[in-house]
Structures are given as structure tokens and as C-alpha cells.
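This briefing walks through side-chain pairings, strand pairing and core packing for the model shown here. Please read it alongside the sequence and the coordinates.

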Amino acid sequence: MAGLLMAAHCAAGPCVQVYTDPTTHQLIIRADQNRPGSTWQPHPTPKRTNKPRPRPTVKPIPKTWIPYKAVPVVHRTYKPRVKKKSTVAKVVTTALSLSDQITRLLPGSTILYQPAKDAVTGVPVYFWSDTNPVFKVAAAILGVGVNVTMNPSFLWNFGDGTTFSTSKAGGPYPDATITHTYKSAGVYTVNLAISWAGSWAAQGAVLPVLGGAIVQNTSATIQVSAGPTDFTR
């Protein structure tokens with residue numbers, strides 16, 4: 001794909017590429033191979049050999065005088081030889097281009113938080129995403145086994161100017177991986193950007209998944225009410 005960085009692995013078989021398409025949020029596995037087709041060899045040109053003609057034997061002239069006797073001269077006519085055209089078959093070579101492509105759509109995500117209602121200022125809100133911590137693809141393309149592993153990273157924006165970056169999806173209480181405490185009441189829009197990166201293996205080689213960065217954006221709205229001034233435990 002034009003404009004994308006792609007790493008290819010070419011062994012004793014097809015060239016394999018694994019890359020991402022940021023416009024469609026797809027993982028693309030592609031293989032290309034050119035195989036020579038059938039070939040017809042030319043027939044050898046026939047070689048003609050001319051056999052030497054035997055020379056006529058000359059009779060010795062006798063020493064005794066013999067009366068001259070006219071011998072009629074025989075005129076020989078030669079027909080021109082017609083050369084036969086040698087037929088040579090044309091060499092025809094066809095290249096059969098084989099290619100295949102597998103696409104996988106990376107999973108989407110949803111923002112979840114707790115408490116789902118009655119969030120108040122001064123009390124932590126637990127956030128998490130339902131995105132799987134790993135995305136794996138095992139496929140065979142043109143006889144080559146390809147294994148792809150992708151992992152997400154998360155960038156949270158809680159809507160009040162606070163951001164948080166992590167490689168974990170978080171979870172509900174008591175998982176305190178991703179929590180945020182709002183200081184003021186109001187309605188906030190929480191944004192989550194998920195970036196995917198990974199590597200792939202084929203025929204003993206391990207390469208990074210290149211291409212445009214896939215960033216999935218999702219958002220949720222949370223309403224925070226004013227809480228009590230003092231908290232006791």
C-alpha cells in the first residue's frame with residue numbers, strides 16, 4: 001500500500017508482508033510469489049552432410065595407335081537443390097503470479113466506569129475498557145504459516161484536563177489500575193485512545209508489524225454530582 005512502511009520476509013517461498021491500514025483499522029497479511037510456467041524448448045536445426053561423389057576412373061591410354069573414333073559428348077544437366085526450411089519451435093515462457101491477502105479487523109472497545117450512576121466529587125471513579133489485552137492471528141497463506149501478536153496501549157482523557165497512559169485495560173472495583181477523582185460537579189466527556197502495535201513471525205523470522213498506526217477512539221459521558229464536604233471512614 002502506497003505511503004505505508006512494510007517489512008517483508010522472503011525465504012524459499014513467497015514474500016510475506018504484515019502491516020496495518022489506519023484508514024480501515026485492519027491488519028493485513030499479504031503473500032506474493034512468481035512461479036515460472038511451462039517452457040517449450042526449440043527443436044534442433046537439422047544438419048545436412050554431403051557425401052563426397054566418387055570420381056570416375058580414367059582408363060590408361062594404350063601405347064598402340066588406335067584409329068580415332070568420335071565419342072559423343074554427354075551433357076549433364078543439374079537440377080538446383082531446394083533447401084528445406086528448418087522449423088524451430090518458439091520459446092514460450094509464461095509467469096504465473098500468485099498472491100493472496102488476509103485481512104482482520106481489530107476489535108473495538110467500550111468505556112466502562114463504576115459507579116455507573118451517582119458519581120460524586122471527591123470519590124474515585126473506576127474506569128476500564130473491555131478491550132482484550134492481546135490480539136492474536138494465526139493464518140496460513142500460500143502455504144506459509146504466519147502468527148501475529150498485537151497489544152494495545154491506552155491513553156485516557158477524563159474530560160477535566162487530566163490524562164493517564166497505561167498498557168492495562170483496568171477493571172471494576174477493587175481493581176484500582178485506572179481511577180480518577182473529580183473535584184467539581186458537572187458533565188464530563190471521557191475519551192479513550194487505543195493504539196495497537198505488535199510483531200509477526202513466519203518461517204523462523206520475527207518482524208515488527210509496520211504500516212500506519214491504528215488508533216481507536218471512543219468516548220463516554222459521565223455526570224458528577226457535588227459530594228459532601230467531609231468524608232469519614
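The points below are grouped by topic, and they concern a predicted model. A search of the whole structure finds 7 aromatic pairs, while the number of salt bridges is 1. The largest nonpolar core has 38 residues, and β12 gives the most to this core, with 7 residues.

**Aromatic pairs**

- A pair of aromatic rings is described by the distance of the centres and the angle of the planes.
- Among the 7 aromatic pairs in the structure, the rings of Phe127 and Trp156 have centres 5.8 Å apart and planes at 50 degrees, so this pair is tilted.
- Because Phe127 lies in strand β7 (residues 125-129) and Trp156 in strand β9 (residues 144-157), the pair ties together parts that are 29 residues apart in sequence.
- Phe127 is buried, with a relative accessible area of 0%, and Trp156 is likewise buried, with a relative accessible area of 0%.
- The rings of Trp156 and Phe158 have their centres 6.2 Å apart and their planes at 10 degrees, so that pair is stacked; both Trp156 and Phe158 are buried.
- Taken as a cluster, Tyr113, Phe127, Trp156 and Phe158 are linked by ring pairs.

**Strand pairing around β12**

- Strand β12 (residues 186-202) pairs with β9 in the antiparallel sense over 12 bridges, and within this pairing Ser195 in β12 stands opposite Ser153.
- Strand β15 (residues 214-225) also runs antiparallel to β12, the two being joined by 11 bridges, with Ser219 in β15 as the bridge partner of Asn191.
- Strand β13 (residues 205-208) pairs with β12 over 4 bridges, again in the antiparallel sense, and Val206 in β13 is the bridge partner of Ala201.
- β12 and β13 form a hairpin with 2 residues between them, and Gln203 in the turn has a positive phi of about 55 degrees.

**Nonpolar core**

- In soluble globular proteins, nonpolar side chains tend to be buried together.
- Within the largest nonpolar core, the residues with the most contacts inside it are Phe127, Val146, Val148 and Ile222.
- The elements that give two or more residues to this core include β2 (15-21), β3 (26-39), β5 (111-114) and β8 (135-141), and among them are also β7, β9, β12 and β15.
- Setting aside residues up to four places away in sequence, Val148 touches Val18, Leu27, Ile29, Phe135, Lys136, Val137, Ser199, Trp200 and Val209.

**Salt bridge**

- Side chains of opposite charge can pair when their charged atoms come close.
- The structure holds 1 salt bridge, in which the side chains of Arg30 and Asp32 meet at 3.1 Å, N to O.
- Arg30 is partly exposed, with a relative accessible area of 25%, and Asp32 also counts as partly exposed, at 29% relative accessibility.

**The setting of Ser165**

- Not counting residues up to four places away in sequence, Ser165 touches Phe154 and Leu155.
- Ser165 and Ala193 are 28 residues apart in sequence, and their C-alpha atoms are 9.6 Å apart in space.

Key: Residues numbered from 1 in each chain as written. Predicted model: local features only at pLDDT ≥ 70, side-chain atom pairs only at ≥ 80, totals over all residues. Heavy atoms only, no water. Phe/Tyr/Trp six-rings, centres within 6.5 Å; stacked < 30°, edge-to-face > 60°. Buried < 20%, exposed > 50% of the residue type's maximum accessible area, 1.4 Å probe, protein only. Pairing = 2+ DSSP bridges. Salt bridge = Lys/Arg side-chain N within 4 Å of Asp/Glu carboxyl O. Contact = heavy atoms within 4.5 Å. Core = buried A, V, L, I, M, F, W, Y, C linked by side-chain atoms within 4.5 Å.
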